[in-house]
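Work through the exercises below with the model open. Try each task before reading its solution.

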Amino acid sequence: MYCLNIILIGCDERVLPDLRREALNHSATVEAEFADLPSALNGLESHPDQTRLFIVHVGSDPELAQLKRLSRAFVGRPIIALVDADKDASMVVKAMRAGALQVVPLPFQRADFGAALDCIAVQFGLAPGGAKTIAVAGATGGCGTTTIALNLAYELACTQQVKCILMELSMRMGVLASHLDVQPRYTTSDLLFDDKVDSYAVNQALSTIAENFSILPGPYQSIEPGIIKPDAVLALMEMAGRLAQIVVVDVPCTFDDLYFKSLSAADSVVLVTQQKVSSIRGAQMVCEALPDLQALVVVNRYDPKLHGFSADRLRTLLRCPGLTTVANDPAVGAAVDHGRPLRLHAARSSALADIGKLMKVLIPEEMRSNGHIERPTLFDRLSHAFSFSAKV
Amino acid sequence: MGPTRVLHVEDDRIQRALIAHFLDMPEEHKYVVTGVESEEQAVDTFRRGGVDLVILDYQLAQGDGLNCLRQLRKLDPIVPVIAVSGMASPAIAADLIEAGADDYLNKQSLDKHILAESIETAMARAQGVRANVRATALLRRLARE
């Protein structure tokens, strides 16, 4: 996200809602809206060097002249002109001569506008990067997956200032809302049963918990599970990815198609387990079934004194050198009881320190410091999935 | 869905009857239980096929529960195997993990609900993993073609 900052100039209510929506759907941010060009030039004077896309409505010759002024004032900055072509077809050519890189005829059509945006993004090397998706999945039920996902997402948002969305994929009786003591108006089920969902709708459904931190909880008042198509969930993850730098997905331990597809679609997988036979076996089976994922195993509520279950032994057993642990700290349960992230309840918690270490493994320092979250390319993901190497 | 075919490896007649009683759930899920007493019988029966789940006593008079588990795992790495023992300890649990047990239940505290939950978890996991393995194999084959 944040690939494009958009300035809207002279756009009226006929097109503004569509423009705002499509900007969001293309990972772009509407930075400012101006009624006309003179006010835009005044308003933008203080930030002349920022990379921006201008979208200007041009309906008359005076506005064409203003467009020309804009292109000269911001040399090298892309401009999309919205023209009333049905009134005067020559406006299309005139707008291009005045400096527009792309011309979109009105009335507004989503596909056409999207094509213009995509074209500019490619030409200017601003193609959407998308968010990094981290799936946090349980190896068995009840091993604290939601707690890890919640506190990991909160740490990323609040200590690293990374815009983060936490999405709970539980399809019934989700616990995320109660873990934060909130009652969000919308849940994933509101979006998953709507065929026309886009990033704009996802954005409207998010509940903001703190700066940089929003959630999309699972249905927390519903007992009956809905039938969800995994592809709809993957599309939802993709759309959320256009609205944040990191999407943390809390994947319930169902071992069904949705479980495996969600893990396969993520850029990183955190597999939460605990020191119990069933849970370790679950982690082992996931690691073996999906070796290409290279899941990072986290032993939650870790007790270093439990014979036969030491981190070293589990690292060897699960063939996971990166296995980490989260301390068995009563503060975690207390924070849940108070409906707060661990940092707000017990900032010095040993479990929180462990989650901080996990965060650093998932998002290395250089990525965090420059604000750019590296995401595998399509080729990386394909070669990863089919285990062939790009190196000759 | 058909009944779940359970192979119960246990040399104690009373324990066999107890597990059979726990698995007798006419209102819920149907289990068909085959009881064997030794490691050798267990491996032979399993090799013949038609086993969806194994309940295995850790301490067998004839043979060794751990060794039996290792042999079963060589034949099928995914089939759920739930180990039970009269004497539960972390050391035994650690050995069982290494040999590939799906769960480890203490006979002292075993009841119908604990057993049912353990079976349900292990079966769902095994079915999911098998389906995923099949799907991945298909994808790989398609990619090669």
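**Exercise 1.** In what order do the five strands of the open sheet in chain B lie?

Solution. The model is predicted: local features need pLDDT of at least 70, side-chain atom pairs count only at pLDDT 80 or more, and totals for chains, interfaces and linings use all residues. Residues are numbered from 1 along each chain as its sequence is written, with chains lettered from A and ligands numbered from 1 in the order in which they are written.

- Read the order: β2-β1-β3-β4-β5 (chain B), with parallel pairing. Strands are DSSP runs of E, at least two residues; helices are runs of H or I, at least four, and both are numbered from the N terminus. Pairing requires at least two DSSP bridges.
- Find the edges: β2 (31–36) and β5 (103–106) of chain B each pair on one side only.

**Exercise 2.** Find how β4 (residues 81–85) of chain B joins β5(B).

Solution. Count the bridges: four, between parallel strands. Then place one pair: B:Ile82 stands opposite B:Asp103 in β5(B).

**Exercise 3.** Describe the packing of α2 (residues 39–48) and α3 (residues 65–75) of chain B.

Solution. 

- Take the angle and distance: about 15 degrees, with the axes 10 Å apart. Axes are lines fitted to C-alpha atoms, for helices over the stretch in contact; angles run from 0 to 180 degrees between N-to-C directions.
- Classify: α2(B) is therefore roughly parallel to α3(B) (under 35 degrees).
- List contacts (C-beta atoms, placed from the backbone, within 7 Å): α2(B) contributes residues including B:Phe46, and α3(B) residues including B:Leu72.

Technical notes:
Parallel < 35°, antiparallel > 145°, perpendicular 65-115°, else oblique. Contact = placed C-beta atoms within 7 Å.
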